Amino acid sequence: MGFYKFLLSKVISFVLVVFIGITTVFFVPRFMPSDPVEAMIGKMTANQAYMEPDAIITLRETLNESFGLEGSMWDQYLGFVKRVIITQDFGPSLASYPNPVNELIAKALPWTMGLLLISTIIAWLIGNIVGLLAGFLKDKSYSKAMEAISIMIYPIPYYILALILIMLLSYIYPIFPLSATFQGDGFSWVHIKSIVYHSILPAFSMILVGTGWWVISMKTLSAGIAEEDYVQFARLKGLSERKIMTKYVLPNAALPQVTMLALQIGTIFNGALITEILFGYPGIGTLIYTGILQADYNLIMGTITLSIIAVAAATFIVDFLYPFLDPRVRYK
């Protein structure tokens, strides 16, 4: 019974978070000063010599219907919630009219997931290994050096570090391209090699910043656990330092890090914006940026809603699986 109550509470929390997030996503773009329909009409009329007034009125009505802007704000909101929840349809994109938003997201999502997901996991692995050594073997000179380097890297804003890497490795020493320009298509070797080559620099910049945070957090956790009574008792039993570190300190220090990793994976879309703008990467961040610049309501709502669902789902999964990772936690 305790498990079902726990599960029900988490499901309710998940639904509320998604509902509140979707509601916020609907209303915030409508406070923007620009009108997507008028912007679309202006773009169309700019490419033509003349349009009849009746044709413009008909076009405006058609676009209002396509973008879900007919009726009162309440009618628009109900229509939006119905489309998102029941049909998962965000309508056409203004920036790439008449292409649907779902199609644009489906094309951009693998790029963002591939780059940010892999970078996040690599940074987590490296940071936790280095942090464990720095915390457990804190008197060693190399542990102090690793901690010092991490402390110096972590406070640097990501975009500053990314710009420095671009200047050094793309301009002064042109090892990597300034922006992503992929060659080939499909699963050809040329295309895969081009993707890897153009992803190294943005991935490297993200790994550097992410590793600094994981090193600092893991070092703090492992240093505290290394002073616990059960660790001291293990030493009195004559266990080797290596076994104490891997069998006693690591499992307990890794639990909070696993939680943070799951939550960070859920928020990778937040880091996609700056990364993809700086490096010209065709992912979700680029779509968000395009939607904001062109007041594309549907594109903004689609991409942000995806991010909200990802964060809520990551939190739900962590809460559900945590008792399996830590036997001291029970469903209540």
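A residue is called buried when its relative accessible area is under 20%, exposed when that area is over 50%, and partly exposed in between, as judged with a 1.4 Å probe and the protein chains only. The model is predicted, and for this reason local features need a pLDDT of at least 70 and side-chain atom pairs count only at pLDDT 80 or more, while totals for chains, interfaces and linings use all residues. Residues are numbered from 1 along each chain as its sequence is written, and side-chain values use heavy atoms, with hydrogens and water left out.

Helices here are DSSP runs of H or I with at least four residues, numbered from the N terminus. The face of helix 4 turned away from its buried side carries the exposed residues Trp74, Lys82 and Ile86, whereas Gln76, Tyr77, Phe80, Val81 and Val84 in this helix are buried. An α-helix has 3.6 residues a turn, so residues three or four places apart point the same way. After helix 4 comes Gln88, with a positive phi near 50 degrees.

Another part of the chain is helix 5 (residues 101–136), where Leu115 lies; Leu115 counts as buried because its relative accessibility is 5%. Leu115 and Ile200 are 85 residues apart in sequence, yet their C-alpha atoms are 9.1 Å apart in space. Leaving aside residues up to four places away in sequence, Leu115 touches Ser199, Pro202, Ala203, Thr275 and Tyr281, where contact means heavy atoms within 4.5 Å.

Note on methods. Helices (H or I, at least four residues) and strands (E, at least two) are DSSP runs, numbered from the N terminus.
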